Amino acid sequence: MTGTRIQKVLVFSFSFIGDAVLSTAVIHPLRRRFPDAQIAFLVGVRAANLFLGAPQIDQVFVYDNHGNHSGWRGKVRLIEMLRREKFDLVIDLRDSIWSRFVGKKRWGIKLRGADMHAVTRYLDVLHRRGVDTAGAQPKLEFTDLELSKRDEFLEECGVERNRLLIGVHPGGNWVYKLWTPKNYARMSDALHERWNAQILLFAGPDEQPLLSDVVSTMNYQPIVVKTQDLRRVAALIEACNLYIGNDTGPMHIAAAVGIRVIAIFGSTNYRRSGPYGKEHTVVQSGLKLGCNPCHPGKHPGSCGKHSCEVIEAITVERVFSAIETLRAA
């Protein structure tokens, strides 16, 4: 398959933010292989905001599984919409049956395995077709205007660019992934006391009670980011010197914008969904209950405790030690 015959490529990406971010690893290999092609992404509603306006993607289609594209009639509408675009090649990273009815050619997922990182599986789709994937990794890029607005916001908040700026996100989309708000508050205060660090505290639209718990417990007043604009969140994370958080979409955003990550893991499998890259650090408690990691697989959350002893066993001192080691590297 020569590059001159592929003019339009569609990547079937994901609805969850973290998975969608990881799927960006295929963009640059595709650009090298098909330099004249337009590259489009199909993403879910939650992740769409992160891709709309992204300079490395030519077009974004939004898959609304609970709205316009729900049920079989909705899937027919989706297929008809995509078929009108006359894609030469569909890269299906989600193994969707609907992708088989969209483009002239389709490349799909083959690799499986609970301990295999998602990015490895995505890049294998290209590698098996002879596409050079050397050095490929998830990457988010910004426009000059986005970076300018980001810098204006930080200046208005009184951020001193010569001081250490650390991004912290204590939330996540699953209660079993969460380190406690008290621990995040203690860790953030320790970072300020030890290194005079400025803390940029992030929270999703449904995480305001958790955010309030962290802020009210802290002795030091952090800079709270209140926005649902994922591209703005990503640009602000890119301004940080370090990012600390649970297994969430923002964790993958941080890695994709080139920021070193301290990722706190307990109930989920870091080999499959940890921050991609050797420069990052995963912190675990080492506690073995026989049920962890319980996600994916193993009936996640079936204990019914609504918290995870494995992640709760991670001490503030353990995380702080990992931060010190990463900073010294």
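At what angle do helix 6 and helix 9 pack, and how far apart are their axes? Hi everyone, let's start there, keeping in mind that this is a predicted model.

Helix 6 covers residues 144-156 and helix 9 covers residues 230-238. The two pack at an angle of about 70°, and their axes are 10 Å apart. Angles of 65 to 115 degrees count as roughly perpendicular, so that is the label for helix 6 and helix 9. As for handedness, helix 6 passes helix 9 in a right-handed crossing.

Who meets whom here? From helix 6 we have Glu146, Leu147, Arg150, Phe153 and Leu154, and they meet Arg231, Arg232, Ala235, Leu236 and Glu238 of helix 9. Have a look at Arg232 in particular: it lies over the face of Phe153, 4.6 Å from the ring centre.

Now to the aromatics. The structure holds seven aromatic pairs. One of them is Phe61 with Phe87: the ring centres are 6.0 Å apart and the planes are at 85°, so this pair is edge-to-face. Phe61 belongs to strand 3 (residues 59-63), while Phe87 is in the loop between helix 4 (71-83) and strand 4 (89-92), so the pair ties together parts that are 26 residues apart in sequence. Phe61 and Phe87 are both buried.

Last stop, Trp174 and Tyr176. Their ring centres are 4.9 Å apart with planes at 50°, so we call that pair tilted. Tyr176 has 5% relative accessibility and therefore counts as buried.

Thanks, everyone!

Key: Residues are numbered from 1 along each chain as its sequence is written. This is a predicted model: local features need pLDDT of at least 70, side-chain atom pairs count only at pLDDT 80 or more; totals for chains, interfaces and linings use all residues. Side-chain values use heavy atoms; hydrogens and water are left out. Rings of Phe, Tyr and Trp (its six-membered ring) pair if their centres lie within 6.5 Å; planes under 30 degrees apart count as stacked, over 60 as edge-to-face and the rest as tilted. Helices (H or I, at least four residues) and strands (E, at least two) are DSSP runs, numbered from the N terminus. Buried means under 20% relative accessible area, exposed over 50%, partly exposed in between (1.4 Å probe, protein chains only). A charge sits over a ring if NZ of Lys or CZ of Arg is within 6 Å of the ring centre and within 35 degrees of the ring normal. Axes are lines fitted to C-alpha atoms, for helices over the stretch in contact, and angles run from 0 to 180 degrees between N-to-C directions. Angles under 35 degrees count as roughly parallel, over 145 as roughly antiparallel, 65 to 115 as roughly perpendicular and the rest as oblique. A crossing is left-handed if the near helix is turned anticlockwise from the far one by less than a right angle, and right-handed if clockwise. Contact means heavy atoms within 4.5 Å.
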